[in-house]
Amino acid sequence: MIVIPLIERKRDGKRLTETEWHELVAAYARGAVPDYQMAALMMAVRLNGLEPAELTALTDAMCESGTQLRFGPDVPPRVDKHSTGGVGDKVSIVLAPLMAAAGVAVPMVSGRGLAHTGGTLDKLQSIRGFRVDLSLEEAVAQVGRIGAALIGQTAEIAPADRKLYALRDATATVDAIALMAASIMSKKLAEGLNGLVLDIKRGSGAFLPDLDDGLELARIMVRLGADRGCLTVALLTAMDRPLGHACGNAIEVAESIAALRNEGPADLLEVVYRLGVEMLHVVGIEPDRQRARATLEATMATGRALNKFREIVAAQGGDPRVVDDVSLLPRAPVVKDYAATRSGYVAGVEPRRLGQAIVTMGGGRQRMEDAVDPAVGLVVHRKPGDRVERGEPVVTIHARDADGLAEGQRALGEAVQIVPEMPDSALPLISHRVTVDGVEELA
Ligand code: URA
């Protein structure tokens with residue numbers, strides 16, 4: 001395939017045809033286009049954007065580069081959730097079993113930690129034996145049997161995106177909104193879904209901190225999904241502080257289990273319920289929001305969501321006893337409080353800095369091949385707006401050793417801000433809802 005004229009056209013702000021995108025992506029996936037040409041083209045797209053028809057063609061071509069999941073007629077409607085990533089974002093671990101217990105099928109394909117954000121797969125692997133590398137056949141069978149599977153992207157799902165994403169990561173082209181939308185949706189559309197709900201994070205800890213960027217990404221993805229018969233709704237949620245209290249791997253699993261026991265934390269449960277209501281809506285099971293919420297709350301209160309999580313853990317080879325005894329999860333040897341240095345109000349617990357500290361402490365990867373320490377992390381007791389007295393614990397540090405503890409203390413010195421007066425309010429927890437009909441401001 002002759003690629004130079006295509007690069008020239010995108011460089012000059014013109015468009016490629018749908019056929020050209022399909023041929024290009026197929027050729028790149030089979031190794032017939034060198035990385036340096038694809039990198040030049042991606043940079044041209046990053047600078048000049050994509051027209052809607054080009055975006056659709058690129059998404060379809062990446063989706064069609066691999067296997068698309070197929071489910072039998074007796075499997076309930078399929079729905080998944082995608083988050084753009086954050087710190088303390090353990091929503092998937094609570095939402096997948098809750099939705100499966102409420103009668104929808106959840107073939108959830110999750111990711112690993114990326115930059116300062118945590119990843120569902122790393123968190124789940126802090127449960128001894130938990131397999132996230134099920135084959136697609138195993139995952140489809142498990143969804144048919146118990147209603148949910150939580151797996152990683154396999155080599156069979158959108159392989160062109162896998163290759164392209166690694167290339168973009170190394171060429172400063174990840175943050176192109178159109179490319180992000182095509183990348184995420186190509187994988188989600190391969191899951192054989194009837195509906196999809198997006199959790200688009202905004203605020204300092206998000207990959208796209210600005211509201212306008214988040215809304216644009218939401219609009220593009222909602223449209224891509226709807227055009228392909230996968231009704232998609234997006235909620236914009238706050239990431240100017242961590243979600244819940246626990247930030248790390250094992251400690252987030254423990255907090256997820258507490259949430260599945262209906263013990264909070266309130267912000268986590270609120271995001272879970274609101275996304276869950278949208279999930280029941282997009283697959284047409286319960287369009288009435290109040291009834292949907294009542295169904296989900298009852299599913300949680302009766303222990304059915306917790307039981308479903310136990311079933312999922314066992315089905316994926318994990319030790320199901322952790323669900324009843326979180327002390328079986330890995331524990332950090334050094335646990336120490338970080339205390340308020342003055343009395344006042346918490347004005348900030350900056351999530352990006354917390355996430356970076358957890359990576360440095362070993363809870364995330366600095367290089368792709370790094371092992372993740374499941375036990376380390378930070379438990380945030382006070383959030384923006386909370387009153388705190390000098391000497392009271394604001395965060396508890398869970399570290400592997402003295403170096404990890406020192407890194408946690410250093411990071412908290414920068415991330416935690418205490419001021420004498422009540423600060424301006426933080427971002428609303430859930431601020432916007434984006435559907436094919438437009439943007440609704442919720443707060
Ligand atoms: N996540 C993805 O899967 N793709 C992107 O491009 C960005 C985030």
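How far is a polar side-chain atom of Ser 183 from a nitrogen atom of the ligand? The gap is 2.6 Å. Keep in mind that this is a predicted model, where local features need pLDDT of at least 70, side-chain atom pairs count only at pLDDT 80 or more, and totals for chains, interfaces and linings use all residues. Residues are numbered from 1 along each chain as its sequence is written, and side-chain values use heavy atoms, leaving out hydrogens and water.

| Residue | Ligand atom | Distance |
|---|---|---|
| Arg 168 | oxygen | 2.9 Å |
| Lys 187 | oxygen | 2.4 Å |

On its own the ligand exposes 240 Å², and the protein buries 84% of that (Shrake-Rupley areas, 1.4 Å probe).

Now for the charges. Lys 187 also makes a salt bridge with Asp 161, with the closest N and O atoms 2.9 Å apart (the rule is a Lys or Arg side-chain nitrogen within 4 Å of an Asp or Glu carboxyl oxygen). Asp 161 sits in helix H8 and Lys 187 in helix H9 (residues 177-189), so the pair ties together parts 26 residues apart in sequence (helices are DSSP runs of H or I, at least four residues). Both Asp 161 and Lys 187 are buried (under 20% relative accessible area, 1.4 Å probe, protein chains only).

Arg 168, in helix H8 (residues 159-169), is buried as well but has no salt bridge; Asp 161, its nearest side chain of opposite charge, is 4.6 Å away.

Methods
Helix = DSSP H or I, 4+ residues; strand = E, 2+ residues; numbered from the N terminus. Buried < 20%, exposed > 50% of the residue type's maximum accessible area, 1.4 Å probe, protein only. Lys, Arg positive; Asp, Glu negative; His and termini not counted. Polar contact = N/O pair within 3.5 Å; in protein donor to acceptor, adjacent residues only side chain to side chain.
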